[in-house]
Amino acid sequence: VLLILACQTIARFVNSITNDTSNNSLAPLTNRAILALGLSSCRILLTNNTPLCGGNPKQRRVFYIIESELHERNGDLSAAASSIESLLASPSMPPTSRWNKHNVPYRTATRRLYELRVAMGLIDEEQERVEAEALEAYARSCTALQECQEKKKRGNLSPRKPKIEMIRIPNGIPDVAQVHPERYSELLSEKVALLEGRVREAFAAEDGPNDDAFPATELFESERDGFRMRANFKLWRTYNETTDTDTATATKETNDEIPNVNVTAIKKKGNVDYVMFERGDNRTPLQVRHYPMGSHRIQSLMDPLKRALESTFELQHRVSEVGFITTLSGQALITIMYNRPIGDEWIDAIASLMETQDVFKDVKFVGRSKGVKLVVGADTLVETLVIPGDESSSSSKSPPQTRHYKQTEGAFTQPNAKVCQKMLGWAVDATRSSNSQNKQETHDLCELYCGNGCFTIALAQNFRKVVATEISKSSVALENKNVALDNLTSIW
């Protein structure tokens, strides 16, 4: 180890002092002796295979270069070139392809070798450049071809991504969209038991076991089916590749998914299906023919919209997603999203659809593509919720409230409107105690993440002032409209 360290020090020292052109104090004999000492040190290092030097490729490359420079200063250009040739042939070079333009050590060594050969008069500079470029290009092509052939023999070529296919469910209802009305009570009891267990654990961890302090659970049941007032579906397009020789052939621009497919054939034979994905799996599209948890209005619109998309090329072409929003009063808003620009032709196709099919006569439509939003009819609905009053005491009964809420696509609203009415009734009742003894005049409410003002507007009657906060700009705009819709002045 000491010998290796000494040789490293001597080699670096000799290289530095002999490279110093300002130092002319060394006699020629002394200079040759020092160079010989440095060259001997380099030889010892390069022939030694210890981890300290031989096992370090970077160190070996350094001392090959130093040896070459010392030979050059000693006047032996042939030996200097031999050192570089040994470097290029050694395992010290990076293991990647030597013709890789990012392989800096190899490029540096190659350049040095050619400089030495030019100095020796063995090669012309222009010839050197041309030959080097030609040799590099040829080697790259040979290496690439050889690697490809070897991978093909080993079967290591990257396989093509498997084609994703839609899974057709026998009853048309994937598990993620399934409801079980016959097991509703059983499933609800399981959920209540799970929730109570978790809350009791939290209470016990904080204050110790105390069942007397644990509040009674109040249950508000939902409809067994048809309870979701909104739903979003991805759309899966399937084309028949049969062509018609009497019409023009589609190009990449007309149908990016299936080139050389006849446009007329696509208009007649394109199929569109609603699809959903199971939780945690966004790679397996599941066909949805029925959506029992959707409101009856959504269910009545799904099949007509599917047929309309399939029969109208402008509506079908590169469609990607569709969203439904409905209200308890039967209003409906459909948002259709595309992976292409849409414009006046899309508006005309929707207008024709509304004129020719009664089921869409009162439906509002929004079309979206990148940076584009087109509206036919309107982009908002008005949901009317009846909030239950207080009937627990005959002396302080309060009548039900009727509140109006504007809703739009792209902003959150409670999906289960009937349960939402019950939630609001419970929240109003839970805060009603602050309304006694004139506490309404002294208590304020700060609500975090108010959304479109669903709870804000319902609870405003129990407080002097309400401050509602929200980070979504679209929800803030809706909340302001809803406050104005109900003529409330205590909400900020």
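In strand 2, Asn271 is the bridge partner of Thr238; strands here are DSSP runs (E, at least two residues), and helices are runs of H or I with at least four, numbered from the N terminus. The model is predicted, so local features need pLDDT of at least 70 and side-chain atom pairs count only at pLDDT 80 or more, whereas totals for chains, interfaces and linings use all residues. Residues are numbered from 1 along each chain as its sequence is written, and side-chain values use heavy atoms, with hydrogens and water left out.

Strands 1 and 2 run antiparallel and are joined by 5 bridges; strands pair if DSSP finds at least two bridges between them. Strand 1 is also joined to strand 4, again antiparallel, by 5 bridges, and Ala231 stands opposite Phe324 in strand 4.

Next comes the nonpolar core, a set of buried Ala, Val, Leu, Ile, Met, Phe, Trp, Tyr and Cys residues joined through side-chain atoms within 4.5 Å, where buried means under 20% relative accessible area (1.4 Å probe, protein chains only). The largest such core has 39 residues, and Phe233, Phe324 and Trp346 are among those with the most contacts inside it. Elements giving two or more residues to this core include strand 1 (230–238), strand 2 (271–276) and strand 4 (319–326), while helix 9 supplies the largest share, 6 residues. Beyond its neighbours within four places in sequence, Phe233 is in contact (heavy atoms within 4.5 Å) with residues including Tyr274, Met302 and Phe324. A second, separate core of 20 residues includes Leu385 and Tyr405.

Finally, Pro400 lies in the loop between strand 8 (380–387) and strand 9 (401–408). Pro400 and Val386 are 14 residues apart in sequence and 6.5 Å apart in space, C-alpha to C-alpha.

Methods:
Buried means under 20% relative accessible area, exposed over 50%, partly exposed in between (1.4 Å probe, protein chains only).
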